[in-house]
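Good morning, and thank you for coming. Please look at the sequence and the structure on the screen while I take you through a few parts of the fold.

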Amino acid sequence: MEAKLYADAILDRFESITNIKKEEVLSMNRVPNVNNVRISTYFILKKLGFSLNKIARAMNRVNHTTIIHGIQSFEDLLEANDKDLINIVIKYADSSEGVEL
């Protein structure tokens, strides 16, 4: 299955949890909650084994460097115990049968 299909399924699940629309996540919106969903999706897709270039295309990004930065931001926020990001990840994990975070 291709990265875009997985990205859509992940974003649909996040939308049902957070009420943040898929279109907002795929846009250039930099609001923290939108960005948290975006970087969480990058991380999940990477854990599923997709290449950085495939993730970039699936998420409407110019190239893989954006994905690298997003995944690093995700990991940094987790290490810093960012409550907003952690809440989103927990809600996703609780609603999910799929990827372990």
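This is a predicted model: local features need pLDDT of at least 70, side-chain atom pairs count only at pLDDT 80 or more; totals for chains, interfaces and linings use all residues.

**A buried threonine and its surroundings**

Thr-41 touches Ile-10, Leu-11, Phe-14 and Met-59, when residues up to four places away in sequence are not counted. Thr-41 itself sits in helix 3. Is Thr-41 buried or exposed? Its relative accessible area is 0%, and buried means under 20%, so Thr-41 is buried.

Met-59 belongs to the loop between helix 4, residues 52-58, and helix 5. Met-59 also counts as buried, because its relative accessibility is 0%. Which residues does Met-59 contact, leaving aside its neighbours within four places in sequence? They are Ala-7, Leu-11, Val-25, Leu-26, Arg-38, Thr-41, Tyr-42 and Leu-45.

For contrast, consider Ala-9, which is in helix 1, residues 3-18. Ala-9 has a relative accessibility of 45% and so counts as partly exposed.

Let us now turn to how helices pack. Two packed helices are described by the angle between their axes and the distance between the axes. The axes of helix 3 and helix 5 come within 8 Å and cross at roughly 105 degrees. Angles of 65 to 115 degrees count as roughly perpendicular, and helix 3 and helix 5 are therefore roughly perpendicular to each other. On the side of helix 3, the contact is made by Asn-36, Ile-39, Ser-40, Tyr-42, Phe-43 and Lys-46. Helix 5 contributes Thr-66, Ile-67, Gly-70, Ile-71, Ser-73, Phe-74, Glu-75 and Leu-77. By class, the residues of this contact are seven nonpolar, five polar and two charged.

Helix 5 also packs against helix 6, residues 83-95, where the axes come within 8 Å and cross at roughly 105 degrees. Helix 5 and helix 6 are therefore roughly perpendicular as well. Here Phe-74, Leu-77 and Leu-78 of helix 5 meet Leu-85, Ile-86 and Val-89 of helix 6. What classes of residue make up the contact of helix 5 with helix 6? There are six nonpolar residues, no polar and no charged.

The next topic is the largest pocket, whose volume is about 290 Å³. It is lined by 14 residues, and the closest to its centre are Arg-30, Asn-35, Arg-38, Thr-66 and His-69. Helix 3, residues 32-47, and helix 5, residues 64-79, each supply at least two residues of the lining. Helix 5 gives the most, with five residues. The lining has four nonpolar, seven polar and three charged residues.

I will finish with two asparagines in loops. Asn-19 lies in the loop between helix 1 and helix 2, residues 22-26. Although Asn-19 is not a glycine, it has a positive phi of about 65 degrees. Asn-19 counts as exposed, because its relative accessibility is 65%. Asn-81 is in the loop between helix 5 and helix 6. The phi of Asn-81 is also positive, near 60 degrees. With a relative accessible area of 52%, Asn-81 is exposed.

Terms used:
Residues are numbered from 1 along each chain as its sequence is written. Side-chain values use heavy atoms; hydrogens and water are left out. On a 1 Å grid over the protein atoms alone, a cavity is a set of points where a 1.4 Å probe fits but cannot get out, and a pocket is an open set with protein on both sides within 12 Å along at least five of seven lines; lining residues have an atom within 4 Å of a point. Grid points are joined across faces, edges and corners, and a volume is the space filled by probe spheres set on the points. Helices (H or I, at least four residues) and strands (E, at least two) are DSSP runs, numbered from the N terminus. Ala, Val, Leu, Ile, Met, Phe, Trp, Tyr, Cys and Pro count as nonpolar, Asp, Glu, Lys and Arg as charged, and the others, Gly among them, as polar. Buried means under 20% relative accessible area, exposed over 50%, partly exposed in between (1.4 Å probe, protein chains only). Contact means heavy atoms within 4.5 Å. Axes are lines fitted to C-alpha atoms, for helices over the stretch in contact, and angles run from 0 to 180 degrees between N-to-C directions. Angles under 35 degrees count as roughly parallel, over 145 as roughly antiparallel, 65 to 115 as roughly perpendicular and the rest as oblique.
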